[in-house]
Amino acid sequence: MADNVTPAQFPIPQDEDDPSRRDVIMIAAGGFAAVGLGLGLWPLLDQMNPDQSALSLATIEVDLSHLEEGQALTVMWRGKPIFIRHRTAKEIEEAKAVPLDDLIDPIARNPNVPDGSPATDANRAATDREPWLVMIGICTHLGCIPKGQSVTDYKGNYGGWFCPCHGSQYDTAGRVRVGPAPQNMYIPPYAFITDTKIKIG
Amino acid sequence: MSHPSTYEPNSGFEKWLDARLPVVRVMNDQFITFPTPRNLNYWWTFGGILTFMLISQIATGVVLAMHYVPAADRAFDSVEHIMRDVNWGWLLRYTHAVGASMFFLAAYIHTFRGLYYGSYKAPREILWILGVLILLLMIATAFMGYSLVWGQMSFWAVTVITNLFSSLDAVVPGIGTRLVQWIWGGFAVGGPTLTRLYSLHYLFPFLIAGVVVLHIWALHVPGNNNPTGIDVKGPRETLPFHPYYTMKDGFALVLFALLFASFVFYAPNTLGHTDNYIPANPLATPQHIVPEWYFLPFYAILRAIPSKLFGVAGLIGSIVVLFFVPWLDTSRVRSTRYRPIYKWFFWAFVVTCFVLGYLGSQPPEGVYLILGRIFTAYYFLFFLLVMPVVGWIEKPRGLPGSITEAVLGPEAKPQAAPRQREPEAAL
């Protein structure tokens, strides 16, 4: 650069170059860019959430007329197995006899009853239709499918379900009795639409 | 170590290029004349072997991707199509699958070598941290690659491992479930999960390659550690990387390739699980879910802790603790050779890793569970208690005065090292 070019030739009006004014512009520009980046990033992340076609499979109807006492049925809902069990009187009695203090998870995990309801057998089974137990057949530990739907399956010490992955055991109301699973098997939202038909979802 | 450049561009083109993009100079200085300690043993050859394995995995993976179909109803069949119909498909797939095992074998030896000789200690902390980062990326990549087969083990491994994130429900209710559904792209593992795992399985090896470049860069600033753990004192104690270590690494690579080839050609399925030749079935969990052998110690740690959240924390912590090793070890000497007390704890740690590997393959009940808890405890105590305390109380054995003295004995007269000849003569 030539020597004769000095700052004096480009006078900076001091009153217009207040440093705090520059700070405001820098912060505003940076903040605006950050908001833009966030908005641009959101579609890239949100595209991974369950899409419209997955959400649209959210309701199914199941006919239970052929399910005799003591039998169980597994159906698919939202890609998950739904366990439906027509329980025997003995199984219901066993489940009712358990004091709530003995449970690992004392909450019903049933969206069809008020939030946080205790895990009594009545709160786990279908409303006013005690023989019927409908739940998402996924172990709450790490997502394996417990054994116990088939007559010949080992059902664990509590006569319900046994998870082969890490040994969790569930009783005849689907409540966890032996860990490592932390919670009772979840109940899906469902309702009886006729005496022999339920709608899940 | 940083050293003055010895590159002399000869031709006019080399001079022209050197003034614009000095890539030949960098290659010459870092991979031909790079001063390397004279006393590196064969445990130091695994860096080269790992570079070969990364290239092998990327090359076979790119061509497998030309035939594989990442769709839930076709993935398993397309893998069988590769095995039966594609020209050389069986060789490419077995090389890729066995290659993952070989990659981990070499990475674990490389890591244990670094642990034994204190290669993580100042000034090589960043080098070590980048290495742990590569190990983490390798774990993620191998897990996603295994899922692509879409057999029973693939499917249920994905289910179990992605469900680990649902343990966050114990911290903030609902957040774990949201996160897991975001990972799945649905309400269970399915087609959307497979396609994203495929996309990321293709991406991650290139991330690894990028971190490998940084890893080598961080290595070439202080230079190699060596079996004595003492610093190089002068040019007499080093040799140019080529031909001395290119030959040594090359010989070790040939031996390693022999092992690799024996598995590929004679026992390609020995390291895998037979259940993965059953197509994925979302309604039936296999009797025993077992990960590949290289994840078994971590799986044993997960199952040893009787709480979902803390089990997951233990699993993640078992890798993350490695990041802090440079500051957990309080010893003033690097090499375990000169550490009479720590030596025993180190080998006990190696045995612990093998035992945890065995326990990870067994059902989590009875004596296996108790042993799993004992060895998991030692795994963490080794890092969190032994490393700081032993380094503090231990009196190290006398260090040799120099690398030369360590190799040739205290009376040895330093002799002129054959180094830094003219490039033509060296080649």
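The legends below describe close-up views of a predicted model.

Residues are numbered from 1 along each chain as its sequence is written, with chains lettered from A and ligands numbered from 1 in the order in which they are written.

**View 1. The interface of chain A and chain B.** In this view, 25 residues of chain A are in contact with 26 residues of chain B, contact meaning heavy atoms within 4.5 Å. The two chains bury about 2200 Å² between them, 65% of it on carbon and sulfur atoms; buried area is the accessible area (1.4 Å probe) that two parts lose on being put together, summed over both. A:M48, A:L142 and A:H166 supply 28% of the area that chain A buries against chain B, more than any other three residues.

**View 2. Polar contacts and the chain A side of the interface.** Between chain A and chain B, 4 residue pairs are in polar contact, both residues at pLDDT 80 or more. A polar contact is a pair of N or O atoms within 3.5 Å; within protein, one must be able to donate a hydrogen and the other to accept it, and residues adjacent in sequence count only if both atoms are side-chain atoms. The elements of chain A that give two or more residues to the side touching chain B are α2 (52-55), β2 (72-77) and β3 (80-86); helices (H or I, at least four residues) and strands (E, at least two) are DSSP runs, numbered from the N terminus.

**View 3. The aromatic pair of B:Y116 and B:F346.** The ring centres lie 5.2 Å apart with the planes at 70°, so the pair is edge-to-face. Rings of Phe, Tyr and Trp (its six-membered ring) pair if their centres lie within 6.5 Å; planes under 30 degrees apart count as stacked, over 60 as edge-to-face and the rest as tilted. B:Y116 belongs to helix α5 (residues 89-116) of chain B and B:F346 to helix α14 (residues 342-360) of chain B, 230 residues apart. B:Y116 is buried at 15% relative accessibility, and B:F346 is buried at 2%; buried means under 20% relative accessible area, exposed over 50%, and partly exposed in between (1.4 Å probe, protein chains only).

**View 4. The aromatic pair of B:Y202 and B:F206.** Here the ring centres are 6.2 Å apart and the planes at 15°, so the pair is stacked. B:Y202 and B:F206 are 4 residues apart in helix α9 (residues 191-220) of chain B, a separation of about one helical turn. B:Y202 is partly exposed, with a relative accessible area of 35%, and B:F206 is partly exposed at 42%.

Note on methods: Side-chain values use heavy atoms; hydrogens and water are left out.
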